[in-house]
Amino acid sequence: MRGTEMTPAPEATAATDTGTATGTATATATAEGIDAEGAAPGKAAAGSRRRSWRSGLLRGRIELRHLLRNPKEMSGHVINVVVALLLASYLHGKVPGTHVPMAHLTLAGFSAYLLFQIGLVNLPQILVTEREEGTLLRLRATPGGIPAYLIAKSLLVVAMAFGTLVLLLGAAALLVDGPLPHGPDGWLTLLWVSALGLLAVVPLGAAIGAVLPNPREALALIMLPTMALLFTSGAMFPLGSLPSLVQKIASVFPLRWMAQGLRSALLPDAARAAEVAGSWELPKVALILGAWAVAGFLLAIPLLRRAARRESGSRLSERHRKAGLSGSQGA
Amino acid sequence: MTTTEHPTTTAAASTPGAAPGSGGAREGVVQVRDLRMSYGGATVLHGIDLEIHRGEIFALLGPNGAGKTTTVEILEGFRQRSAGEVRVLGTDPARGDDAWRGRVGLVLQYWRDHRRWQVAELLAHFATYYPHPRDPSELLALVGLTKQAGRQVGQLSGGQRRRLDVALAIVGRPEILFLDEPTTGFDPEARRDFHDLVERLARDEGVTILLTTHDLAEAERLADRIAMLVNGRIRICGTPAELARRAAAQAEVRWTAPDGTARQERTADPSQLVWELHQETGGPIADLEVRRPTLEDTYLHMVHQDDGHGDGGIAGDGTGAGAGAGSGADAPEGKERAA
């Protein structure tokens, strides 16, 4: 019988029309497109490096401006400072065994904590959000985009840290008779402890930002351990008053050493009597913060690379779809 | 699947006014040979061949899950392929450096980034990454966003946002632009505006464009050439006119056999078939119908036919040799050539 039975078996007639599975044959040789760009590779590379530095610095400045103009985000940072000031104004009494006001110890500890928070809470949150929105992917699609992004973020973090410290210590000194470094040595210590402290937590924060799933979960996952460390690292009250096991655990993490280093910068030398070791242990501070910085960099570089590599349009749309399903986000 | 000499390759080289400075020889801006992609055990691309010429608008048309986005992401250098040869502007995208990136522009489906930035500020910023950027304000005029220059990116409508994405993608004067499902979710007016923009880019700016779409009308409207990608295979490729001709080359003949069953057959020579049917049945043919399918019929047919295998976008069989689609597609080739 002629023809194919129509109804039950559409496959039988399938693809009789146009169905060549082959696309366009590639007849031309592939080895053509080397052109002008390849002529002076060294010069071109130097030019693009310069460009990504310039773009990165520009980007950092613009992001900082956006941050300063965003009341919601700014209030988050300002509230931290206000809480620290309120706490300091309510605290009376001296650090046990010294003439140093308790409020000074807390303010030094809070300064360390705010640096800690910028690196391990604010930065991962920014990274996760921008990863999810496609910022990272857009920069990956742009020549020199990823280096510029890292430069901009470094600038932003340093500016945030500097701004927070100036705001907290300045306001504390003016309003609640807060501590300020004594002499050039004290300022120098403040500078290097802050810088090394940031270096210890920022790469770590970047690594966390590279692996956390989404901004909301990210916040929940990071906030808890961070708060726990705030209360166990001797930032709020002397470390010596805590059980020794808690002391030992807290001593693994950078916050304890950042707080101790900042106390050495901000409190009078006599206050070291209240330290667990009876001294500021500055070499140890430098060593442990330095170790965290190295470990953080070693961790962050492959994780960030992986995060950037894994981003693609389909992952963006996948997340978009999920967000659409949960009904939270419009296009 | 071997690379067969295809009739459409040469015929497609007729885009007027394109290829500035390339002389007579057509340069393959995108060259893909036997591209394969598998995730785990599932194969999503079964050996794709593509060649896109300088200055043309090329549409990769196919249903959701056909492998369009995967293909584009491999060309963009965002995804590692399993096998095959890929060159974009003469470079393997998997090894594309910054200089290469600067010559490639791309627009993704769901970019929601930089929402706090002002439109003009963002465009001016991205201009700084390129050695010879376009003028940002001219570019805003080109994509029709001059009035929105001071707005925050997050406040743009879907269509405006996508046009900004195009502006960002072309601010560095790329030679090729990838648009992945650029008009998904657009209202008709936004869609028309976007189509006009794409045509202007190709015609006036000489940008080579590869766009993916599941909308045949969009592909026909915009593309110099269309490749239909179904279930990880390019099933047909050519200019819209060629495709329409080839779709119509095979007439569909339907009739009812003496035993009462409905029958159909596709043939290049319906007259001959009907004549033979007459001979066989020795009388009038019941419910005889001869029809030339449109391109849309062909497209829907291919999509539907692959759905019939029940495996959506991912074919379970890596080689495709035993699959109905593979053998069914290869068999009639001779017949089609003869036509």
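# Briefing on chains A and B of a predicted model

The end C-alpha atoms of residues 30–256 of chain B lie 48 Å apart, and this span is 34% helix and 29% strand. The model under discussion is predicted. According to the unreviewed UniProt entry, residues 30–256 of chain B carry the annotation "domain: ABC transporter".

**Domains of chain B**

- Chain B is divided into domain 1, made of 26–103 + 174–243, and domain 2, covering 251–292.
- Between the C-alpha centres of domain 1 of chain B and domain 2 of chain B the distance is 40 Å.

**An open sheet in chain B**

- In chain B, 3 strands form an open sheet with antiparallel pairing, in the order S2-S1-S4.
- Strand S2 (42–53) and strand S4 (83–88) of chain B each have a single partner strand and stand at the edges, so one side of each has no neighbour in the sheet.
- Direction ignored, neighbouring strands of this sheet are turned by 15° against each other on average.
- Strand S1 (residues 28–39) of chain B pairs with S2(B) over 9 bridges in the antiparallel sense.
- B:Gln31 has B:Glu51 as its bridge partner in S2(B).

- B:Asp34, although not a glycine, has a positive phi of about 55°.
- B:Asp34 belongs to strand S1 of chain B, and this residue counts as partly exposed because 17 C-beta neighbours lie inside 10 Å.
- B:His114, also a residue other than glycine, has a positive phi near 55°.
- The position of B:His114 is in the loop between strand S5 (104–107) and helix H4 (119–127) of chain B.
- B:His114 counts as buried because it has 25 C-beta neighbours inside 10 Å, the cut-off for burial being 20 or more.

**The nonpolar core**

- The largest nonpolar core comprises 155 residues, and B:Ala167 and B:Ile209 have the most contacts inside it.
- Helix H3 (residues 102–133) of chain A contributes the largest share of this core, with 17 residues.
- Neighbours within four places in sequence left aside, B:Ile209 is in contact with B:Ile57, B:Phe58, B:Leu177, B:Leu179, B:Val198, B:Leu201 and B:Ala202.

**Make-up of chain A**

- Chain A contains 11 helices and 1 strand, and its pattern along the sequence is β-α-α-α-α-α-α-α-α-α-α-α.
- Chain A has 331 residues, of which 44% count as buried.
- Of the contacts in chain A between residues at least 6 apart in sequence, 80% join residues at least 24 apart.

**A:Phe162 in helix H5**

- Helix H5 (residues 145–175) of chain A includes A:Phe162.
- A:Phe162 is classed as partly exposed because 13 other C-beta atoms lie within 10 Å.
- A:Phe162 and A:Ser194, which are 32 residues apart in sequence, are 8.9 Å apart in space from C-alpha to C-alpha.

Methods
Residues are numbered from 1 along each chain as its sequence is written. Chains are lettered from A and ligands numbered from 1 in the order in which they are written. This is a predicted model: local features need pLDDT of at least 70, side-chain atom pairs count only at pLDDT 80 or more; totals for chains, interfaces and linings use all residues. Domain bounds come from an automatic or database domain assignment. Two strands pair if DSSP finds at least two bridges between them. Helices (H or I, at least four residues) and strands (E, at least two) are DSSP runs, numbered from the N terminus. Axes are lines fitted to C-alpha atoms, for helices over the stretch in contact, and angles run from 0 to 180 degrees between N-to-C directions. UniProt positions are given in the numbering used here, feature names are shortened, and annotations may be inferred rather than shown by experiment. A residue is buried if 20 or more other C-beta atoms lie within 10 Å of its own, exposed if 12 or fewer, and partly exposed in between; C-beta atoms are placed from the backbone. A nonpolar core is a set of buried Ala, Val, Leu, Ile, Met, Phe, Trp, Tyr and Cys residues joined through C-beta atoms within 7 Å. Two residues are in contact if their C-beta atoms, placed from the backbone, lie within 7 Å.
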